[in-house]
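Hi,

Here is the structure I promised to pass on.

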Amino acid sequence: MSLYHEAANLLSAPTTHGGSLKSRIFGNKELKSPPAQVYALVLETRKWSGVLKEVVESAQLLGAERKLTAALALLLTHDLLLAKSGIALPASHGLRAAVERHKGRLTSELSRARLRRKCATIETLRALVEAEAITAGGRTPHPRWARVNALKSTVDDQLETTFKGYEVVAGVEEVMASAGKKVLCLDGNVPNLLALPPGTDVTRSEAYRKGEVIFQDKASCFPACLLDPGPGEGDVVDACAAPGNKTTHLAGILEGRGRTEGERIFAFEKDKGRAKTLERMVKTAGSDGFTVVHQGQDFLKVDPTGEKYANVGALLLDPSCSGSGIVGRDDLPELHLPEGPAEGAAVAGKKGDKKDRKRKRDGKDGGGEKPPVVLVDDDGETTVLSSEKDLTARIAALAAFQLTLLLHAFAFPAARKITYSTCSVYAGENEHVVLKALASDIARQRGWRVLKREDQTRGMREWPVRGDPDACDGDTEVAEACIRTYRDDGRGVMGFFVAGFVREETTTAEDDLGPYVRDSNGVIVRDEMGIPTLKANGKKAINLDELETDSDGKGVEIYAGPPGGGDDDDQGPYVRDAEGRIVRDAMGMPTLKAALQSDKDDIDDGWNGFDDDD
Ligand SMILES: C[S@@+](CC[C@H](N)C(=O)[O-])C[C@H]1O[C@@H](n2cnc3c(N)ncnc32)[C@H](O)[C@@H]1O
């Protein structure tokens, strides 16, 4: 069966049973055509069916081509007039020929339908159709978000060129209610972000082609805003980078804040094909000069202690997730089937009904069974889950991977800030991952804590929707630190989650990597003499019985830290011998450097250390 016959069955089948269109298509093992292609064709044709019904009827296509059903006529006319590559059938195919014979008439009927809707261009009509499709399902319309790429342009420039003639309005609510109109608003949380009316398509504009404007949902801009990398803060890692929206956003922020020469972005992408898209996007956005794309590189296989990453100060983690927060791709618009001569339309109806009854009997279309859950992530990857149990297992597997990734990021020695984000609505992938990460040994050892709301950048601090306190076990500080967004709440965003982690500067990177055993709070474990235990051999770092005593009665510590010092005492106040060992007397007491200096100069210039004679 051809793509069009398979799509026709789905187009005219009732939408009230068998689950969503997505689950009926992706869960149908009998489909011969690629499910993604069938889904896109059916969905787009439904969106356009109001217009195409008029076109097909006015061109009297069904009367002229008696073998065409109403559904086939809609699908084929859609592809003939609106799809980039036309009808996906060989030129000699009977179905294609049946519609192409009427191309002239169909094209002029489309122009008439467009003018009846007062649309000057096909782009305006497209925007109107998109907008109507969004609101038809009773959903809140979703604005089109456009980020002005600070590497190539400014908001002022774009207002004077790409968006010339647009009226700037105060809020996103007005923009959302203005489908088909030329209005926009400047976002208050994300710098350089514009909200455009639903369905606005400027993908054909020069600004889009040149990378001056990037389409990116507002919520998806939050991670780079929250990470807020700045000059002198070291290199930045984007661990899961393709297609590159956040990588290029990071680049724009870095450059805007005055990037320090030599500081780079390392963008990792495990999937080679997607990494090519990432590379293209980085180039188009103009950040290839300081972004290193690691094509096909699994971030989990990167050695955080490698020399190359010694200066990584910030990491953005946006791993694969369930994609459950993505704005509905399956909000089915109403279907308008064209009417033809009585028998033509009737055949279409009967055919659909008969097929549908058979499918129901066979249980092939999911009729009578619980519909499968279909997860489509923001890369368009689809996972079909046949039960709630499968869904729970899938979320648990994703969460385990997400936590591993976060703990791996914690291990970068010079890192001070990390953001973790998903486009999932499930707490299992969000707050629960944050809590587990904070409770991990590595977080405690290295001092990672959550980036509190009051310490966040203004736009992020002021965003009103925060984490779920219940999902944070009642820890309101963590819940407040987490940022959530929900689709359909009137703010015009997709479902999203982001949290930040920070840790303070430490004197040396070795300090927390140090050679000593620590407790679960990251504190070095010491005996009653204050002597720590070595991780390497489980022995005390100083064995008092083994202290050597030299000729003048002073002993030397058996030193087991890194060569040349670097342990806890490295910056300490004690005198050391030529090999960096603290000099101690026979009682194990060290000598204060300051006391020696004070003896020498007889000058009291402030802190001289503890002195029993004082
Ligand atoms: C949610 S998408 C990232 C979207 C991207 N941050 C953006 O805003 O354009 C997740 C990406 O991570 C990649 N990925 C998954 N696991 C990875 C790993 N271990 N190392 C590197 N990339 C990985 C996936 O192939 C996918 O392209």
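This is a predicted model: local features need pLDDT of at least 70, side-chain atom pairs count only at pLDDT 80 or more; totals for chains, interfaces and linings use all residues.

**Strand S12 and its neighbours**

Strand S9 (residues 312-317) and S12 pair in the parallel sense, with 4 bridges between them.

How covered is S12 (residues 417-422)? Mostly: 6 of its 6 residues are buried. In a regular strand the side chains alternate between the two faces of the sheet. For S12 both faces are covered, with Lys417, Thr419 and Ser421 buried on one side and Ile418, Tyr420 and Thr422 buried on the other.

**The cores**

Tyr420 comes up again as a contact of Leu406, which also touches Leu317, Val433 and Ala437, leaving aside residues up to four places away in sequence. Leu406 is one of the residues with the most contacts inside the largest nonpolar core, along with Phe222, Ala239, Leu315, Leu317 and Ala409. That core has 94 residues. Helix H16 (residues 388-410) gives the largest share of it, 8 residues.

For the overall picture, the protein has 22 helices and 18 strands, and 40% of its 614 residues are buried. Counting contacts with a separation of 6 or more, 70% are between residues 24 or more positions apart.

**Around the ligand**

The ligand is surrounded by 21 residues, and the closest are Cys240, Asn245, Lys270, Phe299 and Asp318. By class, that shell has 9 charged, 8 nonpolar and 4 polar residues. Helix H13 and strand S7 (265-269) each supply at least two residues of the shell.

**A second sheet to look at**

There is also an open sheet of 5 strands, in the order S2-S3-S4-S1-S5 and with mixed pairing. Strand S2 (167-168) and strand S5 (213-215) are the edge strands, each pairing on one side only. Strand S1 (residues 144-148) runs antiparallel to S5, and 3 bridges join the two. Arg147 stands opposite Ile214 in S5.

Most residues other than glycine have a negative phi, and most peptide bonds are trans. Here are some exceptions to check in your viewer.

- Ala242 and Pro243 are joined by a cis peptide bond, with omega about 5 degrees. Pro243 is in the loop between strand S6 (235-238) and helix H13 (245-256).
- Gln60 has a positive phi, near 50 degrees, and is found in the loop between helix H3 (35-58) and helix H4 (61-64). Gln60 is partly exposed, with 15 other C-beta atoms within 10 Å.
- Asp473 has a positive phi as well, near 55 degrees, and lies in the loop between helix H19 (458-462) and helix H20 (476-481).

Cheers

Key:
Residues are numbered from 1 along each chain as its sequence is written. A nonpolar core is a set of buried Ala, Val, Leu, Ile, Met, Phe, Trp, Tyr and Cys residues joined through C-beta atoms within 7 Å. A residue is buried if 20 or more other C-beta atoms lie within 10 Å of its own, exposed if 12 or fewer, and partly exposed in between; C-beta atoms are placed from the backbone. Two residues are in contact if their C-beta atoms, placed from the backbone, lie within 7 Å. A residue is near a molecule or strand if its C-beta atom, placed from the backbone, lies within 6 Å of it. Ala, Val, Leu, Ile, Met, Phe, Trp, Tyr, Cys and Pro count as nonpolar, Asp, Glu, Lys and Arg as charged, and the others, Gly among them, as polar. Two strands pair if DSSP finds at least two bridges between them.
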